Amino acid sequence: MLDNVAAITDGIARALHSVSQYAIYTDFHKQNARFPLFYIKLVDASQEQELTNRYWREYDFDVQLLTDENGELQDAKELEATADALYFALEYIRANSKLLRATDMHYRITDNVLHFFVSYNAYVQKEVTPVPKMETLHTEGGIKND
């Protein structure tokens, strides 16, 4: 069972670390940051009930690459090359020992920041409290003679 968003965020961080040695943040405060950096942000999450205790969850993330604190664009080609590498690095991630495949991957460069959008979907099951089972059943039977 997939536990939570933190497991997916950790999986994304591990995948980013395999592509680059940049710092990776999930809680970003500009004054304490080491640039360049990746910032992993959950944009949207949704859940739909499928069958009884089974649910389909969708998690949409924005993985941002900030090159420096002033937003100065060092090299647009470098951002584009990083985005191309992210397609392969984020295609499969491991979250709580489950392999998740990315969907709906796309990117844009806005205000000198690379925004790489990626979604991960998974089925989850809600824990159900077991109903007490019937312990014994007493029956009486016989043969009816006409």
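On one side of helix H2, Lys77 and Phe88 are exposed, whereas the buried residues of this helix are Leu79, Thr82, Ala83, Leu86 and Ala89. Seen down the axis of H2, these buried residues fall within an arc of 120°, so they line one face of the helix. The model described here is a predicted one.

What covers the buried residues of H2 includes helix H1 (5-19), strand S2 (37-51), strand S3 (54-66), strand S4, strand S5 and strand S6 (113-125). The length of H2 can also be checked against its residue count: at 1.5 Å a residue, its 14 residues should span 20 Å, and the end C-alpha atoms are 20 Å apart, which agrees.

In soluble globular proteins, nonpolar side chains tend to be buried together. Here the largest nonpolar core has 25 residues, and those with the most contacts inside it are Ile8, Ile12, Leu90 and Tyr120. At least two residues of this core are supplied by each of H1, S2, S3, H2, S4, S5 and S6, and the largest share, six residues, comes from H1.

Leu90 shows how such a residue is surrounded: leaving aside residues up to four places away in sequence, Leu90 touches Ile12, Ala15, Leu16, Val63, Ala102, Met105, Phe116, Val118 and Tyr120. A second, separate core has seven residues, among them Ala23, Tyr25, Leu37 and Val113.

**The aromatic pairs**

A pair of aromatic rings is described by the distance of the centres and the angle of the planes. The count of aromatic pairs in this model comes to four, and the table sets out two of these.

| Pair | Centre to centre | Angle between planes | Arrangement |
|---|---|---|---|
| Tyr22 and Phe38 | 5.9 Å | 45° | tilted |
| Tyr87 and Tyr107 | 6.1 Å | 65° | edge-to-face |

Tyr22 lies in the loop between H1 and strand S1 (23-25), while Phe38 lies in strand S2, so this pair ties together parts that are 16 residues apart in sequence. Tyr22 has a relative accessible area of 23% and is partly exposed, whereas Phe38, with a relative accessible area of 1%, is buried.

Why does the pair of Tyr87 and Tyr107 count as edge-to-face? The planes of the two rings stand at 65°, and an angle over 60 degrees counts as edge-to-face. This pair links distant parts of the chain, with Tyr87 in helix H2 and Tyr107 in strand S5, 20 residues apart. Tyr87 counts as partly exposed at 26% relative accessibility, and Tyr107 is likewise partly exposed, with a relative accessible area of 28%. Ring pairs also link Tyr87, Tyr107 and Phe116 into a cluster.

**The salt bridge**

Which side chains meet in a salt bridge? The count comes to one salt bridge, in which the side chains of Arg101 and Glu91 meet at 3.5 Å, N to O. Arg101 lies in strand S5 (residues 98-110) and Glu91 in the loop between helix H2 (76-89) and strand S4 (92-95), so the pair ties together parts that are ten residues apart in sequence. Arg101, at 46% relative accessibility, counts as partly exposed, and Glu91, at 22% relative accessibility, counts as partly exposed too.

Key:
Residues numbered from 1 in each chain as written. Predicted model: local features only at pLDDT ≥ 70, side-chain atom pairs only at ≥ 80, totals over all residues. Heavy atoms only, no water. Salt bridge = Lys/Arg side-chain N within 4 Å of Asp/Glu carboxyl O. Helix = DSSP H or I, 4+ residues; strand = E, 2+ residues; numbered from the N terminus. Buried < 20%, exposed > 50% of the residue type's maximum accessible area, 1.4 Å probe, protein only. Expected span 1.5 Å × (residues − 1). Arc of directions from axis to C-beta. Contact = heavy atoms within 4.5 Å. Core = buried A, V, L, I, M, F, W, Y, C linked by side-chain atoms within 4.5 Å. Phe/Tyr/Trp six-rings, centres within 6.5 Å; stacked < 30°, edge-to-face > 60°.
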